[in-house]
Amino acid sequence: MIAGVAAAAIALGVAQLLSIPIGGRADARTAVGAAVIDLTPGPIKEWAIQTLGTLDKPFLAVVVLIAIATIAAIAGTLETRRRPLGSAAIAAMGVLGCAAVLSRQSATALDTIPTVVGAVCGVAVLRVLTPAHPPDNEDHPDTGRRKLVMLGLIGFGVVTGVAGSVVARLAHSVTADRKAFVLPRPRFAVPPIPADVQPKGVALPSFITPNTEFYRIDTALSVPQLSHGDWRLRIHGMVDREITYSFDDLTKFDVVESVTTLTCVSNPVGGNLISTGVWTGYRVSDLLAAAGVHKDADMVLSTSIDGFTAGTPVETLTDGRQALLAVGLNGQPLPVEHGYPARLVVPGLYGYVSATKWVVDLELTRFDKAKAYWTRQGWAARAPIKTESRIDVPRSGQKVPMGHVVFGGVAWAQNRGVRAVDVRIGDGEWQPAQLGASYSNETWRLWSLPWQAKTPGRQTITVRAIDNTGAVQTEEKANPVPDGATGWHTVNFTVVEA
């Protein structure tokens, strides 16, 4: 078993080192993890997001390594000098690794070389570590020396794998490119954020979410590294003329700003997969107009550099709601993990149909002709954001002292706006909450509720929102699949004597 793990460690370490000059596409470990993500059924992916949140990718990376080590250990027990079954298993893993690499966007046969060489080294190590006549006694000196060699090889494989991964990230990182990128100055800047958007007397999230706190949910196991000089955006399909834009080409379009709240469809009732930012970029409608969109095209299939796709209704990109090809967030170039150098931001739609990061391709097509990544797995093709609200204070299980307290939270109904928020303590009557100022229909709205805690004991607080169409947030509970969670958020807390 140890021999098998040693062979796998060497195979992975060698492959990782050899992938450095080629780039991230040649990383078989990441490619296998990405293939696992692609092949995993939608409900299981949703469970992972709900359970692990932003830790889902590190968890998957660990699981992949454990699975490889387990298979390798079994392969080691099968290996003999006469019957190299373990070597065959290592070779088979190499073939699967190559298949995973070739399944990635823009991969070529050249990208499989590190995996092939790594698998060959793994087989060679396993053959060398398999003695023709194993000693009968576990205490035999040869057995001890052999185990020491195997453990040394495992250590060498781990060190080279980690070193290769670190060096590869440094070699292909676009951090320096991002720092050198000068964010274009908007011709149409957003109005300043007034101070009264933030209720006083209660610790609520900042109206504008800092870049470091902005939620991140995507399918990229390894963050794509694409420089703004290499970036291109191809617009094709049902258009009068195909166009490919570079950053130099974008200078002929107006630069605009938009304050928009993004929401993930996986956000459960009361969840935190929602953030608000000041986005800088170019109107998608301007880019599409230059290509000449056919009247019967009703969907834009956007594609990321890593192959992720999203299907967005054409009308939402052209109806004046400031759908952007965004290049900046909160006055800075996009963070790499949030799509640098360019991504889509479409107000009013859940992210899986509107917020493609590292976007490089827009195909004009139809919903009855094409399906995107998540819609192929059973999610709704069109996904307008639902009217929802959340309680941030008090937290679940929090102890609240008797006397005057202030509760609060956020509410959202992008592209419609929030008119009012109602709050209920226990089984009492609904009370209108005090609202922070409304910035726009595309952003969330913060609320607060002063309350006098008079009686010790357990209590509940429930919230619901009313949007500007007069629609009241539904009490009906629904899971995020297929088009967003619904239900009133309720929090239990305890009033205690001060």
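Which residue follows helix 9, and is its phi positive or negative?

Author: In this predicted model, helix 9 is followed by G292, and the phi of G292 is positive, near 75°. Helix 9 itself comprises residues 284–291, among which V284, L287, L288 and A291 are buried. These four residues lie on the same side of helix 9 because they cover an arc of only 95° around its axis.

The largest pocket has a volume of about 1500 Å³. Its lining comprises 44 residues, and G24, T30, S222, V223 and P224 lie nearest its centre. Helix 2 (28–39), helix 4 (56–78) and helix 7 (141–172) are the elements that give two or more residues to this lining. Helix 2 provides the largest share, five residues. Both domain 1 (1–172) and domain 2 (195–377) contribute at least three residues each to the lining of the largest pocket. By class, that lining holds 15 nonpolar, 18 polar and 11 charged residues.

At least two lining residues come from each of helix 1 (2–18), helix 2, helix 4, helix 5 (85–102), helix 6 (113–129) and helix 7. The lining of the second largest pocket divides into 28 nonpolar, 11 polar and two charged residues.

Finally, the unreviewed UniProt entry annotates residues 59–78, among other spans, as "transmembrane region". In the model, residues 59–78 are 100% helix, with their end C-alpha atoms 29 Å apart.

Notes. Residues numbered from 1 in each chain as written. Predicted model: local features only at pLDDT ≥ 70, side-chain atom pairs only at ≥ 80, totals over all residues. Heavy atoms only, no water. Buried < 20%, exposed > 50% of the residue type's maximum accessible area, 1.4 Å probe, protein only. Arc of directions from axis to C-beta. UniProt positions renumbered as here; feature names shortened; annotations may be inferred. 1 Å grid on protein atoms, 1.4 Å probe; cavity = no way out; pocket = protein on both sides within 12 Å on 5 of 7 lines; lining within 4 Å. Points joined across faces, edges and corners; volume = space filled by probe spheres on them. Nonpolar A, V, L, I, M, F, W, Y, C, P; charged D, E, K, R; others polar. Domains from an automatic or database assignment.
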